[in-house]
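Work through the exercises below with the sequence and the 3D view side by side. Try each task before you read its solution.

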There are 2 protein chains.
Amino acid sequence: VRRFVVIGQRAFVGEAFSLANLPASSGRLDVLLRCVRAALLFSHGVRRDTIVYLVLLGAPGAPQALRIEGAAVKFLRPDERSVAVLVQKAFATPRAGSGFVTVRPGVAVAEGGLDVVLADVGDAAPYVLEEGAADLREAALDDADAVFFVGDDVGFDEATRGRLAALGARPVAVGPVSLHADDVVAVVVNELDRRTPGTG
Amino acid sequence: VRRFVVIGQRAFVGEAFSLANLPASSGRLDVLLRCVRAALLFSHGVRRDTIVYLVLLGAPGAPQALRIEGAAVKFLRPDERSVAVLVQKAFATPRAGSGFVTVRPGVAVAEGGLDVVLADVGDAAPYVLEEGAADLREAALDDADAVFFVGDDVGFDEATRGRLAALGARPVAVGPVSLHADDVVAVVVNELDRRTPGTG
């Protein structure tokens with residue numbers, strides 16, 4: 001299974017959330033939404049071998065987390081507004097319990113941030129996308145069971161960076177230019193596709 | 001200069017255009033909008049060495065074409081809605097003249113389809129993204145002056161395919177999986193970045 005964990009430093013879904021102005025009303029959740037498409041969709045299909053986690057550290061009070069599983073999600077559309085509506089509805093659904101609670105097929109939300117995600121990913125081999133790190137193309141990758149951590153437009157905070165280092169996450173880079181998070185995901189997915197023929 | 005030409009078989013900007021339902025109201029212009037971001041933007045910057053053309057073959061009457069030049073465009077935001085508003089305003093601007101007419105800094109529109117774009121790109125080395133073609137990573141690329149033709153979610157029509165073949169466009173592929181057009185652009189951009197250090 002391929003897992004992507006995208007960490008939004010300011011992202012949240014709350015009262016002010018507006019589809020007409022996502023970047024300003026959601027702490028740049030739009031960055032994370034575009035990663036959902038890049039990780040989970042290919043031409044006319046969903047990647048059933050992929051799970052995406054969004055970590056929204058900007059949430060008032062507790063951070064929020066969202067999980068979308070390619071194997072179970074339904075009606076995932078590629079346009080940004082559709083993904084925004086899905087995420088908005090997911091957080092608006094009443095729920096009970098701790099950890100990830102499924103609110104619709106393939107979509108679960110949790111109170112909590114990186115901790116709740118780390119508890120969920122288990123023993124997958126961790127990689128962290130970092131500028132200037134070793135080239136992804138040259139890296140040994142556990143393409144059968146891996147988790148890739150990706151920062152948003154402002155990158156990782158020190159606490160997150162420390163947690164990932166303690167976890168033993170291996171730094172990898174996608175190239176010489178600092179890319180948008182969704183382009184980073186697209187390039188990683190392409191590298192994994194190339195290593196596992198028959199994917200898709 | 002890097003050029004991307006994205007061809008939308010059904011795409012148009014017209015009376016029914018709705019930001020609340022882009023995929024259905026614009027003949028999947030959303031596919032093309034996402035390519036604009038992938039081609040022109042990197043983290044906190046615009047790629048000044050890149051020009052994107054959108055060809056909207058779904059336009060009632062004549063096809064429409066749009067050109068966005070990284071070296072001159074202002075206020076290009078990454079979220080899909082912002083790019084949609086930019087394109088909508090560009091086509092709504094009164095204009096006179098044939099060929100590409102600049103309607104705001106770095107943004108020009110034209111009546112016409114592939115012909116008007118081909119007249120504009122001049123002698124740039126042409127490549128066409130095709131599934132199953134030679135691997136982009138192994139291809140000799142004129143990264144100084146190239147134009148990449150990319151299809152939308154339904155691919156190229158036969159007329160377009162014939163024109164590109166007559167032009168001598170070299171088929172290249174990005175990998176074993178059929179990707180969304182914007183992911184194709186992201187992967188091509190990454191390959192070009194890797195070949196031209198100092199980019200961005």
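**Exercise 1.** Find which residues B:Ser43 touches, not counting residues up to four places away in sequence.

*Solution.* 
Step 1. Locate the residue. B:Ser43 sits in the loop between β2 (41-42) and β3 (45-46) of chain B. Helices (H or I, at least four residues) and strands (E, at least two) are DSSP runs, numbered from the N terminus.
Step 2. List its contacts. B:Ser43 touches A:Ser178, A:Leu179 and A:His180, leaving out residues up to four places away in sequence. Contact means heavy atoms within 4.5 Å.
Step 3. Check the accessibility. B:Ser43 has a relative accessible area of 15%, and it is therefore buried. The classes are buried under 20% relative accessible area, exposed over 50%, and partly exposed in between (1.4 Å probe, protein chains only).

Two notes on reading the model. It is a predicted model, in which local features need pLDDT of at least 70 and side-chain atom pairs count only at pLDDT 80 or more, while totals for chains, interfaces and linings use all residues. Residues are numbered from 1 along each chain as its sequence is written, chains are lettered from A and ligands numbered from 1 in the order in which they are written, and side-chain values use heavy atoms, with hydrogens and water left out.

**Exercise 2.** Examine B:His44 and B:Phe75. Is B:His44 buried or exposed? Is B:Phe75 buried or exposed?

*Solution.* 
Step 1. Look at the backbone. B:His44 has a positive phi of about 60 degrees, although it is not a glycine. B:Phe75 has a positive phi of about 60 degrees and is not a glycine either.
Step 2. Place each residue. B:His44 lies in the loop between β2 and β3 of chain B. B:Phe75 lies in the loop between β5 and α3 (80-92) of chain B.
Step 3. Classify. B:His44 has 64% relative accessibility, so it counts as exposed. B:Phe75 has 73%, so it counts as exposed.

**Exercise 3.** Describe how α2 (29-40) and α6 (181-195) of chain B pack.

*Solution.* 
Step 1. Take the geometry. The two helices pack at an angle of about 15 degrees, with their axes 8 Å apart. Axes are lines fitted to C-alpha atoms, for helices over the stretch in contact, and angles run from 0 to 180 degrees between N-to-C directions.
Step 2. Name the arrangement. α2(B) and α6(B) are therefore roughly parallel to each other. Angles under 35 degrees count as roughly parallel, over 145 as roughly antiparallel, 65 to 115 as roughly perpendicular, and the rest as oblique.
Step 3. List the residues in contact. From α2(B) come B:Val31, B:Arg34, B:Cys35, B:Ala38 and B:Ala39. From α6(B) come B:Ala181, B:Asp182, B:Val185, B:Ala186 and B:Val189.
Step 4. Sort them by class. The contact has eight nonpolar, no polar and two charged residues. Ala, Val, Leu, Ile, Met, Phe, Trp, Tyr, Cys and Pro count as nonpolar, Asp, Glu, Lys and Arg as charged, and the others, Gly among them, as polar.

**Exercise 4.** In what order do the eight strands of the open sheet in chain B run?

*Solution.* 
Step 1. Recall the rule. Strands of a sheet pair through backbone hydrogen bonds, either parallel or antiparallel. Two strands pair if DSSP finds at least two bridges between them.
Step 2. Read across. The order is β6-β7-β5-β4-β1-β9-β8-β10, with mixed pairing.
Step 3. Find the edges. β6 (101-104) and β10 (170-173) of chain B each pair on one side only.
Step 4. Check one pair. β5 (64-69) and β7 (107-111) of chain B are antiparallel over five bridges. There, B:Gln64 has B:Glu111 in β7(B) as its bridge partner.
Step 5. α2(B) touches β1 (2-8), β4 (50-56) and β5 of chain B, and its direction makes about 175 degrees with that of β4(B). α6(B) lies across β1, β8 (125-135) and β9 (146-151) of chain B, at about 170 degrees to β1(B).

**Exercise 5.** Study β9 (146-151) of chain A. How many of its residues are buried?

*Solution.* 
Step 1. Count. Six of its six residues are buried.
Step 2. A:Ala146, A:Phe148 and A:Val150 are on one side. A:Val147, A:Phe149 and A:Gly151 are on the other.
Step 3. Find the neighbours. β1 (2-8) of chain A pairs with β9(A) in the parallel sense over six bridges. β8 (125-135) of chain A also pairs with β9(A) in the parallel sense, over four bridges.
Step 4. A:Arg3 stands opposite A:Val147. A:Tyr127 stands opposite A:Phe148, and A:Val128 opposite A:Phe149.
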